[in-house]
Amino acid sequence: MKASGKPHGDLEVVFPVCEEMAVIGAKELNFPELKAKFGYVLDCPGRIGRIVKQAPTKCKIIVTVKGIKAHGGNEPEKGLNAIKVAAHALAQMPEGRISPNVTSNFGMIKKKGGGADTNVVCDEVVITGEARGTDDKELEEYLQQVRKIFEETAQKFNTTIDVSVTTLYHTFNVPEDSEVIETVKKALKKQDIEGFCQKGGGGSDGNHYNRHGIPTVVLALGYSKNHTNAEQIIVEDLEKAGKLVEDIISGVYEKYSG
């Protein structure tokens, strides 16, 4: 746009850091400095034309499971294996796609502090997981279930399990008849692409923009199988996404310039 010399209105371009680390960069923006009426985040899987208008709240779950240390060969009966206690709880835990609105994943378990060996009964492990939901009430119901399972497990093994839940970002749902969506659909038609709206399962900087009153949707760039060894992107879609940004800017200018 700048090189072409085409007229355009005021634009704000933001490059937040640490998006993959729970979208913590955008969270620290000084939002009162932003003047935009609406915005777009170019970062979601799918073919060009996909518009994510709704995305979930994400909660981080950290669980510390206590055991009792003992010599694994001389007196193992005096110990309590924290790994076994954690496994007992996780074996009962609903996980994956809990409902159309809620998902969960317990992705990490490690011995706190490291060290030790197989000759020591493990006395403490930390489980790290997450839960996401586009319905906050349903999400909280699942989190209560998580807490209950760990509480009952602690009672069964006569030990201590600490569960900490932190909300990292909040859900949003942009109306389909909003200006931000109508603008991008109109821009997509310039490339003969029919825009369509969907609910997404991932978080993005858009969660924070919407939370601070800037209606924002997330646009697909042609990539798929992300977070796997088969991640890929369709170069044609990536190129069309660049043209889409140009057409969004031009469309907004034409609308407001009279």
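**Exercise 1. The core**

Which residues have the most contacts inside the largest nonpolar core?

Before starting, note that this is a predicted model, in which local features need pLDDT of at least 70, side-chain atom pairs count only at pLDDT 80 or more, and totals for chains, interfaces and linings use all residues. Residues are numbered from 1 along each chain as its sequence is written, and side-chain values use heavy atoms, with hydrogens and water left out.

Step 1. A nonpolar core is a set of buried Ala, Val, Leu, Ile, Met, Phe, Trp, Tyr and Cys residues joined through side-chain atoms within 4.5 Å. Buried means under 20% relative accessible area, exposed over 50%, and partly exposed in between (1.4 Å probe, protein chains only).

Step 2. The largest such core has 29 residues, and Y40, V184, V217, L219 and L244 are those with the most contacts inside it.

Step 3. Two or more residues each come from β1 (39-44), β2 (50-55), α4 (179-189), β10 (216-220) and α6 (235-256). Helices (H or I, at least four residues) and strands (E, at least two) are DSSP runs, numbered from the N terminus. Helix α4 gives the largest share, five residues.

**Exercise 2. Aromatic pairs**

Describe the geometry of two of the ring pairs.

Step 1. A pair of aromatic rings is described by the distance of the centres and the angle of the planes. Rings of Phe, Tyr and Trp (its six-membered ring) pair if their centres lie within 6.5 Å; planes under 30 degrees apart count as stacked, over 60 as edge-to-face and the rest as tilted.

Step 2. The structure holds three aromatic pairs. In one of them, F38 and Y40 have ring centres 6.0 Å apart and planes at 85°, so this pair is edge-to-face. F38 counts as buried because its relative accessibility is 15%.

Step 3. F106 and F150 also make an edge-to-face pair, because their planes meet at 65°, with the centres 6.5 Å apart. This pair links distant parts of the chain: F106 is in strand β5 (residues 102-111) and F150 in helix α3 (residues 136-157), 44 residues apart. F106 is buried at 13% relative accessibility, and F150 is buried at 1%.

**Exercise 3. Salt bridges**

Step 1. A salt bridge is a side-chain nitrogen of Lys or Arg within 4 Å of a carboxyl oxygen of Asp or Glu. The structure holds twelve salt bridges.

Step 2. R47 forms one with D237, where the closest N and O atoms are 2.6 Å apart. The two lie 190 residues apart, R47 in the loop between β1 and β2 and D237 in helix α6.

Step 3. Now for the network: K58, E130 and R132 are linked by salt bridges. Between R132 and E130, the closest N and O atoms are 2.5 Å apart. R132 counts as buried at 14% relative accessibility, and E130 is buried at 17%.
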